[in-house]
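Let's take a friendly walk through this structure, one region at a time. Keep the sequence and the 3D view open as you read.

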Amino acid sequence: MTVDGPACPACAGRQMPDHPAGWLAWRHSNLCALRDAEDARHAADVDLAGGRVTQRPATTTEMSLLSALGHPLPRDLTTRLEPVTAGIIRRSWSALETTAAATTEGTTP
Ligand SMILES: [Zn+2]
């Protein structure tokens, strides 16, 4: 709890590493442009997923935040959407998961 996680490149807010929504749950400031983009994307993802697991191309905002987490980004990155509850969609990137294995505790295979 005393260790600072990675900072948002726009507002310096911190990642919430254990959040059910996945890697891109951050404590953004209210004025963060990435937060606005992420909020809009989340609303679109709720419609897109419609309660089912689906996929779409990663957004530039997701790329920025994933890069801030230290992931080397492939040219084409796919975001997997997995509805967890009515308000939470877990996003994951299978192409990056091997790079996260060393830093993420694997509680869910
Ligand atoms: Zn931010």
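In which segment is A12 found? A12 belongs to the segment before helix 1, which covers residues 33–49. Please keep in mind throughout that this is a predicted model.

A12 is not a glycine, yet its phi is positive, at about 70°. For context, most residues other than glycine have a negative phi. A12 counts as exposed because it has 12 C-beta neighbours inside 10 Å, and a residue with 12 or fewer is classed that way.

## Around C32

C32 also has its place in the segment before helix 1.

Which residues does C32 touch, leaving aside its neighbours within four places in sequence? Its contacts of this kind are C8, A10, C11 and G13. As for P9, 23 residues away from C32 along the chain, the C-alpha atoms of the two are separated by 9.7 Å.

## Two packed helices

Helix 1 packs with helix 2 (residues 60–68) at an angle of about 125°, and their axes are 9 Å apart. That angle makes helix 1 oblique to helix 2, and the crossing of the two is left-handed.

Three strands form an open sheet in the order 1-2-3, with antiparallel pairing. Strand 1 and strand 3 (88–92) are the edge strands, each pairing on one side only. On average, neighbouring strands of this sheet are turned by 35° against each other, direction ignored.

Strand 1 pairs with strand 2 (residues 78–85) in the antiparallel sense over four bridges. Here Q55 stands opposite R80 of strand 2.

## How confident is the model?

The protein chain has an average pLDDT of 88, and 86% of the residues score at least 70. Confidence is highest in strand 1 (residues 54–57), at a mean of 98, and lowest in helix 3 (residues 97–100), at 66.

Where does pLDDT stay under 50? That happens over residues 104–108, a stretch for which the model has zero contacts beyond four places in sequence.

Note on methods: Residues numbered from 1 in each chain as written. Predicted model: local features only at pLDDT ≥ 70, side-chain atom pairs only at ≥ 80, totals over all residues. pLDDT = per-residue confidence, 0-100. Contact = placed C-beta atoms within 7 Å. Pairing = 2+ DSSP bridges. Axes fitted to C-alpha atoms, helices over the stretch in contact; angles between N-to-C directions. Buried ≥ 20, exposed ≤ 12 C-beta atoms within 10 Å, placed from the backbone. Parallel < 35°, antiparallel > 145°, perpendicular 65-115°, else oblique. Left-handed = near helix turned anticlockwise from the far one by under 90°.
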